[in-house]
Amino acid sequence: MSKVVYEGWMVRYGRRRIGRSFIHMRYFVLENRLLAYYKRKPQDNQVPIKTLLIDGNCRVEDRGLKTHHGHMVYVLSVYSKKEKYHRITMAAFNIQEALMWKEKMESVIDQHQESQISNGNKYVSFEYKSGMDNGRTASSSDHERLWALVKLPGCFEVFGSNSHGFSAQEDEDDAPPNLLRRTTIGNGPPDSIFDWTREFDSELSNQNANNQAFSRKHWRLLQCQNGLRIFEELLEVDYLPRSCSRAMKAVGVVEATCEEIFGLVMSMDGTRFEWDCSFQYGSLVEEVDGHTAILYHRLQLDWFPMFVWPRDLCYVRYWRRNDDGSYVVLFRSREHENCGPQPGYVRAHVESGGFNISPLKSRNGKPRTQVQHLMQIDLKGWGVGYISSFQQHCLLQMLNSVAGLREWFAQTDERGAPPRIPVMVNMASSSVSSKKTQKIDELSVPPAPSLDQTNSASRNSVLMDEYSDEDEEQMPEAEQEAYPTKSDNDLKRTALEEEPIEKIDLSCFSGNLRRDDRDNSRDCWRIADGNNFRVRSKHFCYNKTKIPAGKHLMDLVAVDWFKDTKRMDHVVRRQGCAAQIASEKGLFSLVFNFQVPGSTHYSMVFYFVTRELVPSSLLHRFVDGDDEFRNSRLKLIPSVPKGSWIVRQSVGSTPCLLGKAVDCNYIRGHKYLEVDIDIGSSTVANGVLGLVIGVITTLVVDMAFLVQANTTDELPERLIGAVRVSHIELSSAIVPKLEADPS
């Protein structure tokens, strides 16, 4: 009888034959003989989309991190050694989930291999680490294991070493099908990268005794700073080039899991501002494979910035996960054709650097991790050659990021949800030099969810299409790995191509507030990226996790900005408004009218349109429900990506049930529902509004609307829509001509 070993939602990842990558949410079920996935949670003998027979011949490949339109996923690939092209590739947005699936699948494979042995299979397999005999560096999160062959007693024994006639490649080709089940697709660290984390292993391994690795005696404690131990490398020779510093490393303990710390260390988005004081901007230049990438990185150094030019880096970054659960991240500078010298920056050179993230025994029930950060860097420029304190001061500033990690985890309460793999911005050949100032402005604000890091076309791309079967139309796996990373222009084109075919014609809708998708525009609105807002996940009832919201349910077609001497109710009465035009075309509208009181009353009106409401859906129940139900469910998620600190703190980004915070009046008409939201009805809201209205021209405000989901059948939450209004001018509001209210 088949028994379900593990199940849950994962991401289908692949690349179609025309080269475009895709990711779709699918429900995976692992049984003791079968791996299958479905569009939805299976019921009543539902037929799966695809299945894979699990036996002792199967392998689990760790393909590392992959990028899809700026979204990064951790990819696993499962296939049988007998049929390499029949495989299932799955991915997760957080590392713990992917590793859990990997562990469960490998345990099932182990059981089948043990049963083969007990049933008289003449081969017995044992674990053998490649690289110990042939000198290869392990590229796997499990050190890319090989399985040597040992025949039963009485037969000739063959061990997988080169001295017995087997190379790693021969093992791959000649071994029986039940071998080599764990591996990675990564090519291992580039030859130019020195793995400084191996220095302590050299004392424990005879094979590495002759390597030029450092031992403990080659480091001396330089100082203790911010709760860190700062070490300096001791060289056998005292002479160093004037511009090249000794290697230094910071060692500290962080109360967090290795996976949580690894997620932050790999990040190049706005979250890095919260723990790395030397970070200014980072982007992806080229994705070599799942474990290796080339990055562009700008440093924010505070050593007399008025006189010293800023520094930037172009380096190759390699990472792996070891058998003990530790993570290693290594980097070293290199040149790249798409990342040449940038105007106004001095290109520094990283000789060796990276992080070693190792688990420690928990204390008082809290996870503990040792973090080592090593850096040997030549900052170049005149300051290094003439002022020795410049190099050391900047190096200590970079190493202090370990203390930043420790404080970040000590001061955050959002530890229930597994950490999401960081977002990575792709950099085209000319994007850094031509958009330097623009990127700096965008990244100068710490809150990560508010950053616009992708173009407007990819904002509307389909992240998770639950109803598409196109994920089966894909190119062979070998071609996927060889396919080059797309540029931003390619991503923009494919994102547009992947839009739903049947779209609403938006050209017939208009409001008096103009739409402008440029980042630095004023007195305008644009559609906000749904992934900037976190909503309740499918499993929120069990683990309180939240996920990026993704695609909107309705289209924002117009925004009106009104003023009058009295409060403006039921604005859909206005002749020719977007809701009336939508009704004439058979479309349904949901209208939000934010009423701002004062000597002059203002109203900002948002018109969301869809073809039809899905029967019995949560949104349909909200539209046709009573006011009590509506007040208990209508939710607003605000955010102020650009504005003064006091305004951002006052507004916050906490979801708010509008019906419980302020008075909401619901007007249900033919093909529309209008929600009049009276901000002045709440003393707290009115106080915040008084603060905001005085500096409204300096603000960029994001708002997302949704119906709160409370039960498992209503989850996950979906946004009705989201909008960004930028630098609004009070003088641009107009007096509306409203028809007589029919009521």
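**Exercise 1. Classify two cysteines, C394 and C508, as buried or partly exposed, then give the number of disulfides.**

*Solution.* 
Step 1. Start with C394: its relative accessible area is 0%, so this cysteine is buried. Keep in mind as you work that the model is predicted.
Step 2. Now take C508. With a relative accessible area of 24%, C508 is partly exposed. The cut-off you need here is that buried means under 20%.
Step 3. Recall what we're counting: a disulfide is a covalent bond between the sulfur atoms of two cysteines. The test is a pair of cysteine sulfur atoms within 2.5 Å, and the count comes to zero disulfides.

**Exercise 2. Describe the aromatic pair of F262 and Y327, and work out where its two partners sit.**

*Solution.* 
Step 1. The model has 19 aromatic pairs. In the pair of F262 and Y327, the centres are 4.5 Å apart and the planes make an angle of 20 degrees. Planes under 30 degrees apart count as stacked, and that is the label this pair gets.
Step 2. Next, find the partners along the chain. F262 belongs to helix α3 (residues 258-265) and Y327 to strand β17 (residues 327-333), so the pair links distant parts of the chain, 65 residues apart.
Step 3. Check the cover. F262 has 1% relative accessibility and counts as buried, while Y327 is buried with a relative accessible area of 0%.
Step 4. Look at the rest of helix α3 too: eight of its eight residues are buried. Among them are C258, E259 and E260.

**Exercise 3. Find the rings that the charged end of K249 sits over.**

*Solution.* 
Step 1. One ring belongs to W219: the charged end of K249 sits over it, 4.6 Å from the ring centre.
Step 2. The charged end of K249 also sits over the ring of F231, where the distance to the centre is 5.7 Å.

**Exercise 4. Locate N364 and H570, and say whether each is buried or exposed.**

*Solution.* 
Step 1. Begin with the backbone. N364 has a positive phi of about 55 degrees, although it is not a glycine. H570, also a residue other than glycine, has a positive phi near 50 degrees.
Step 2. Find the loops. N364 is in the loop between β19 (349-363) and β20 (366-378), and H570 is in the loop between β24 (555-564) and α13 (578-584).
Step 3. Compare the cover. N364 has a relative accessible area of 76%, so it is exposed. H570 has 8% relative accessibility, so it counts as buried.

**Exercise 5. Identify the peptide bond between L715 and P716 from its omega, and locate P716.**

*Solution.* 
Step 1. Omega is about -5 degrees, and the bond joining L715 and P716 is a cis peptide bond.
Step 2. P716 lies in the loop between β31 and β32 (719-726).

**Exercise 6. Describe the nonpolar surface patch that includes L691, and classify L691 by its accessibility.**

*Solution.* 
Step 1. The members of the patch are W645, I646 and L691, and together they have about 310 Å² of accessible area.
Step 2. L691 is located in helix α18 (residues 683-693).
Step 3. With a relative accessible area of 33%, L691 is partly exposed.

Notes
Residues are numbered from 1 along each chain as its sequence is written. This is a predicted model: local features need pLDDT of at least 70, side-chain atom pairs count only at pLDDT 80 or more; totals for chains, interfaces and linings use all residues. Side-chain values use heavy atoms; hydrogens and water are left out. Patches are made of residues with over 30% relative accessible area and no salt bridge: like charges are joined within 9 Å, nonpolar side chains (Val, Leu, Ile, Met, Phe, Trp, Tyr) within 5 Å. Accessible areas come from the Shrake-Rupley method with a 1.4 Å probe; for residues, only the protein chains shown count as cover. A salt bridge is a side-chain nitrogen of Lys or Arg within 4 Å of a carboxyl oxygen of Asp or Glu. Helices (H or I, at least four residues) and strands (E, at least two) are DSSP runs, numbered from the N terminus. Buried means under 20% relative accessible area, exposed over 50%, partly exposed in between (1.4 Å probe, protein chains only). Rings of Phe, Tyr and Trp (its six-membered ring) pair if their centres lie within 6.5 Å; planes under 30 degrees apart count as stacked, over 60 as edge-to-face and the rest as tilted. A charge sits over a ring if NZ of Lys or CZ of Arg is within 6 Å of the ring centre and within 35 degrees of the ring normal.
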